[in-house]
Amino acid sequence: MQKKIILGVAVLLGVVAIAYGISTINSTKPSVGQEIPVVATSTPNYTIELLDDFDIREIMPNLDRGLTFTESVPEVARVPMQKNYDAAVARLKTDPMRADDWFNLGIYYHAANDFKGAEEVWLFLIKVIPNSAVPLDNLGKMYKFDLKDFPKSEGYFKKSIALNPDSTTPYFELFELYRYLYKTNTTAAVDIVTQAAGKFPQNPDPHMVLGSYYRDIKNYAGARAEFTKALDIARELKNVQLIDAIGDEIANLPQ
């Protein structure tokens, strides 16, 4: 019988994530081999709670795997990362229900370029914390930037949208995927951000991304229309800094 597993805290989304990032004004093509910063949690001991009598040790990743660095990881980063990794593993061996340490373990594997280790942890987290989109987003980004498996990347981001429809992150990740890496000769990039604009009518970011896209392909009428929509939203939000930035974008468009 399949066991049901839930997270025993109210909110976990956003505890940890790979901070690949996307500019809300100037979307830039991701560089191959770029150094990716990470964000780790400072929140202690989120707890995994299992429904039914089930031993998490039966499905969790091997904690004796170790942390192996590739040559591209700077020496100066290895000592603190190894220290943090060892501490997380020690805590998990005592208490494997610590969700925060599992999330950070995936981050450490990824930072060491051990993508198989990161994948194992994030797939495990999908099983034990099915209401969190964070591992889905992390897998989507890893397959997109590191492993170059674009269909898998697309699949995980779409699962993230289905699980957490209130997040804009997977929409923008898919836009970048479609624009630069996959399905580039289709309307997929514009379609996904247009979908986001409809889903988040009070968020100027989708219109900013579309405006930047149209500007870059020299569709200045389209760019002006999208930047103007973003400007209207920024004015409603009374975001002076954003109003000025969008105004500059519009002013710099060729007539």
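This is a predicted model: local features need pLDDT of at least 70, side-chain atom pairs count only at pLDDT 80 or more; totals for chains, interfaces and linings use all residues.

Trainee: How many helices and strands does the chain have, and in what order do they run?

Mentor: One begins with a list of the elements. Here the secondary structure comes to 10 helices and four strands. Read from the N terminus, the order is β-β-β-β-α-α-α-α-α-α-α-α-α-α. Of the 255 residues in the chain, 49% are buried.

Trainee: Which residues touch the most other members of the largest nonpolar core?

Mentor: A core is read through its members and the elements that supply them. The largest nonpolar core has 37 residues, and Ile 48, Leu 67, Trp 102, Leu 105, Trp 122 and Leu 125 touch the most other members. At least two residues of this core come from each of β4 (48–50), α1 (75–94), α2 (99–111), α3 (115–128) and α4 (134–146). Another core, of 30 residues, lies apart from it and has Phe 150, Val 193, Ala 223 and Leu 231 among its members.

Trainee: What does Trp 102 touch?

Mentor: Residues up to four places away in sequence are not counted. The residues touched by Trp 102 are then Ile 48, Met 60, Pro 61, Leu 63, Leu 92, Pro 96, Val 121, Phe 124 and Leu 125.

Trainee: At what angle do α3 and α4 pack?

Mentor: For a pair of helices, one considers the angle and the distance between axes. The angle between α3 and α4 is about 155 degrees, and their axes are 9 Å apart. Angles over 145 degrees count as roughly antiparallel, so α3 is roughly antiparallel to α4. The crossing of α3 past α4 is left-handed. Among the residues that meet are Trp 122 and Leu 125 in α3, and Leu 139 and Met 142 in α4.

Trainee: Is Glu 154 buried or exposed?

Mentor: The relative accessible area decides this. Glu 154, in helix α5, has a relative accessible area of 7% and is therefore buried. Leaving aside neighbours within four places in sequence, Glu 154 is in contact with Leu 174, Leu 177, Tyr 178, Tyr 182 and Lys 183.

Notes
Residues are numbered from 1 along each chain as its sequence is written. Side-chain values use heavy atoms; hydrogens and water are left out. A nonpolar core is a set of buried Ala, Val, Leu, Ile, Met, Phe, Trp, Tyr and Cys residues joined through side-chain atoms within 4.5 Å. Buried means under 20% relative accessible area, exposed over 50%, partly exposed in between (1.4 Å probe, protein chains only). Contact means heavy atoms within 4.5 Å. Axes are lines fitted to C-alpha atoms, for helices over the stretch in contact, and angles run from 0 to 180 degrees between N-to-C directions. Angles under 35 degrees count as roughly parallel, over 145 as roughly antiparallel, 65 to 115 as roughly perpendicular and the rest as oblique. A crossing is left-handed if the near helix is turned anticlockwise from the far one by less than a right angle, and right-handed if clockwise.
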